[in-house]
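Please look at the sequence and the model below before reading on.

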Amino acid sequence: MTIRLNKGHLAAIALFIAMVVWMLLGTLKPEPEFTNPRPLVMNQGLTRVQVERMQGQAMGREITVSARTAANRRVDIRSEVRAKVIAIHRQKGEPVKQGDLILELDARDWPARVKQAEAALKQRQLEAQSAQRLRQQGLANAAELASAQTMLANAEAELTNARLQLDATQIRAPFDGIVDQRSVEVGDFVQDGTALVTVLDFSPYLIKGQVAEIEAGHVNIGDRAYAELVNGDRVEGVIRFIAAEADAQTRTFPIEMEVANPSGNMTSGLTAKLHIPQPETQAYYISPALLILDDEGRLGLKGINEQHQVIFQPINLLKADNSGIWIYGLGERADIITVGQGFVEYGEQVEPVFHSDDSPTQIGEQHTDETNKQTALTAG
């Protein structure tokens, strides 16, 4: 049987043979060697990074603490006896002087008990004196004298107790201040330990807060400070206390500023912002994109030392604005990596390319596309 091929079949066979030959020729051609026109490292194997040589600017700083106003002294006066409230001499909010009578409790029979104890004491004194004379004359032994002296001591104790119980019915101000709270009214019967009134002393008053542990070492007793109150007032004072032990929960240190207040008028618990000025420091204005954390969680920057080795430089935040942040802790001068820090490790030696800038303290604005700029840097 004879197969006849038309022109279409011949054309298809020819095309197939041409494609096979073309593919075979492609496999025999040597593959061209790929070369990266933009190497990330120099010929000697060092990574190139852009470095900013920064010069610090002298700038004052402050430690700022969220705080509140507080009384210099606060006393919750409680009842020492069981009795009924019979008179109130000072209302809530009234100023008092030390020793002023605030309220009275029913003395009941304590005045009479004081007189009875005074009479018993006088009797025991006479008996003790007689026993002493008889002992000197040899008419009484030592046991009789000791018994008389014991009864005298008991009489003195009874009189002291009676006077204390009587005095406890007179509730007086322990110091100059303000009657802030009163928990009883006339006619109330109170037990031992019942809260009666609260007296506050606002002359002087305090600004209390909690300072972070990283800043606590920069605050000393006697430092001048000021506070901005929520009502807009600004008050000045002196740091009078900083705790020697941090709070176990917050790891912060309680701190107090004392504010002179001759008038004695103030409110406890008023929100305030405490400012503690510090000596001038060398500050730098940078982009926050340059900030990194080391393995210990410290905030800082990557820089280089004199041997061009990558180092971690810890910093502290000073303040921030819409364009960048001010930091301190680098000293008067520092070499900081601004492009390429993501490609290098601590301790690695690098090839620095120093960036010239008329404003050496404002850096990092070009950090948004680090990878592209690192490539362009090494290619140029």
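In which helix is the place of I17? I17 belongs to helix α1, which covers residues 7–28. The structure is a predicted model, in which local features need pLDDT of at least 70 and side-chain atom pairs count only at pLDDT 80 or more, while totals for chains, interfaces and linings use all residues. Residues are numbered from 1 along each chain as its sequence is written, and side-chain values use heavy atoms, with hydrogens and water left out.

**Overall composition**

- The protein chain contains 5 helices and 21 strands; helices (H or I, at least four residues) and strands (E, at least two) are DSSP runs numbered from the N terminus.
- Of its 380 residues, 37% count as buried, where buried means under 20% relative accessible area, exposed over 50%, and partly exposed in between (1.4 Å probe, protein chains only).
- The accessible surface of the chain comes to about 23,300 Å², and carbon and sulfur atoms account for 50% of that surface; such areas come from the Shrake-Rupley method with a 1.4 Å probe, and for residues only the protein chains shown count as cover.
- Among contacts between residues at least 6 apart in sequence, 74% join residues at least 24 apart; a contact means heavy atoms within 4.5 Å.

**Helix α3 and its packing**

- Helix α3 (residues 142–167) has 26 residues and reaches 38 Å from its first C-alpha to its last, close to the 38 Å expected at 1.5 Å a residue; the expected span is 1.5 Å times one less than the number of residues.
- The buried residues of α3 include L145, A148, L152, A155, L159 and A162.
- These buried residues pack against α2 (110–137).
- At the start of α3, a side-chain oxygen of N141 comes to within 3.2 Å of the backbone nitrogen of A143.

**A nonpolar surface patch**

- I13, F16 and I17 make a nonpolar surface patch of about 310 Å²; patches are made of residues with over 30% relative accessible area and no salt bridge, with like charges joined within 9 Å and nonpolar side chains (Val, Leu, Ile, Met, Phe, Trp, Tyr) within 5 Å.
- I17 itself is partly exposed, with a relative accessible area of 46%.

**Salt bridges**

- The whole structure holds 15 salt bridges, each a side-chain nitrogen of Lys or Arg within 4 Å of a carboxyl oxygen of Asp or Glu.
- R124 pairs with E127, their closest N and O atoms being 2.8 Å apart; these two residues are 3 residues apart in helix α2 and so are separated by about one helical turn.
- Both partners are partly exposed, R124 at 24% relative accessible area and E127 at 28%.
- E256 forms a salt bridge with K208, with the closest N and O atoms 3.9 Å apart. Because E256 lies in strand β12 (residues 252–259) and K208 in strand β9 (residues 195–212), the pair ties together parts that are 48 residues apart in sequence.
- E256 is buried at 14% relative accessibility, whereas K208 is partly exposed at 24%.
- A network of salt bridges links K208, R240, E256 and E258.
- R298 and D294 meet in a salt bridge of 2.7 Å, N to O; R298 is partly exposed at 40% relative accessibility, and D294 is buried at 11%.

**Surroundings of Q313**

- Q313 lies in strand β16 (residues 310–314) and is buried, with a relative accessible area of 16%.
- Not counting residues up to four places away in sequence, Q313 touches G300, L301, G303, L330, A334, D335 and I336.

Technical notes: A polar contact is a pair of N or O atoms within 3.5 Å; within protein, one must be able to donate a hydrogen and the other to accept it, and residues adjacent in sequence count only if both atoms are side-chain atoms.
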